[in-house]
Amino acid sequence: MTVTRSEPAGPAGAEAAASAPAVASVDVLLVEDDAQDAFLVEELLADTDLECRITWVRTYAEARSALSSFRGCVLLDLNLPDADGMPLLRKVLDLAGSAAVVVLTGLDDEHEGVASVAAGAQDYLVKGQVDGSLLARSLRYSVERQRADENARQLREAELYARENMRLERGLLPQVLLDASPLSHRTFYRPGRKRALVGGDFYDAVEKDGTTHVIVGDVSGHGPDEAALGVQLRIAWRALVMGGVDERRLLPSLEQILISERTQEEMYATLCQVSLDTGAESARIRQFGHPPPLVITDGKVAEVEASPHPPLGVFPESETEVEEFALPRGATLMLYTDGLVDAYDGGPPARLEVAGLRRILSGLLEAGTSVVDVPERVVDEAERHNGGPLQDDVAMLLVTHGSTR
């Protein structure tokens, strides 16, 4: 049954309706075995401006079937022929889902109303002490409170989910293994995706049997699939190094993993790997479609020249060509991803490219910036040239060649 209030007919009624605020509408499931009390509830609500669509049931069994799809407010008498008291309330609360619950009690059972609110009901009313205004206000309040509680619950769940994701992604970021290496390091990582900790860029550094290997890479594309593949490649590379795979076979093996794990055939990864033997002052480099690293020596910046190879996953190779470059003690090697060099240089279409990055880095060093502060300052300058935040992932790994620890 539906209980509504009608405005008076004629111009005065139309004017009043036009000026009145919108009237809230509440679906009510009245669970009451007493026909006289049920009739009284309907009459009280009929004299208010609250539009109600009332469904009346007499027993818990009837209420149970009605509650499966109900979304309004349950007006519940705690004394029914087939259930009563707090056990009844708990059953209804379990079935109510997102519906509000208001308990009806007798004057002698008001303590049950207080206990009901403590148990999860939104409100309670005492029969014989309720007028239409109080009843309508309680229904409105209960529905709004239930909505607020539901929104708060969803927000808490979303926050917990976000924190779990952040903990998971943070655990996927590398902890470089350079305790026995002559290299000290400084890292920077910022994904381009909003609210993400991991993107398609990756880096790592591992010392194994007197040789330090460092790597930086970038999976093509921007999204969770690319981020997942980047993490897989980084972990696979570390496992290959720690497992003692021959240096010449490292990247061909990694390429096979990329091919087997990528979700789309067109996915590929650019990559640069540098290897340095303890005590040596030259390093070996293998470069696959990736921007060349930069070497900082006595405040001067030089680009490492190496023959480029196609990105991993494009034209698989069985063995990688190796080249050497000077890396004297005291020098710092900067590996990075193309999120830096793809920034605009003052505006489109000009890009920073490697020459622009080298110019920025030289300017910072001339201004007295320490190597420790270089990553953040380089990104700040790149964003200034870009005219705003960088859109791509950015990863940097700076390693300084010092004396053996």
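Select helix H8 (residues 247-261). H8 lies across E11, E12 and E13 in this predicted model, running at about 155° to E12. Contact means heavy atoms within 4.5 Å. Angles run from 0 to 180 degrees between N-to-C directions, with axes fitted to C-alpha atoms, for helices over the stretch in contact. Helices (H or I, at least four residues) and strands (E, at least two) are DSSP runs, numbered from the N terminus.

Residues are numbered from 1 along each chain as its sequence is written. Local features need pLDDT of at least 70, side-chain atom pairs count only at pLDDT 80 or more, and totals for chains, interfaces and linings use all residues, while side-chain values use heavy atoms, without hydrogens or water.

Next, show the sheet. Its 5 strands run E10-E11-E12-E13-E16, open and antiparallel. Strands pair if DSSP finds at least two bridges between them. E10 (201-208) and E16 (323-326) are the edges, each pairing on one side only. Twist averages 20° from one strand to the next.

Zoom to E13 (residues 282-288), which pairs with E16 over 4 bridges. Ser282 stands opposite Ala326 in E16.

Now select H7 (residues 224-242). H7 lies across E10, E11 (211-219) and E12 (269-277), at about 10° to E10. Its buried residues (under 20% relative accessible area, 1.4 Å probe, protein chains only) include Leu229, Leu233 and Trp237. Gly244 follows H7, with a positive phi near 80°.

Finish at H4 (residues 85-96) and H5 (residues 110-119): their axes come within 11 Å and cross at roughly 30°. Gly85, Met86, Leu89 and Leu93 in H4 meet Glu112, Ala115, Ser116 and Ala119 in H5.

Terms used. The expected span of a helix is 1.5 Å times one less than its number of residues. Buried means under 20% relative accessible area, exposed over 50%, partly exposed in between (1.4 Å probe, protein chains only).
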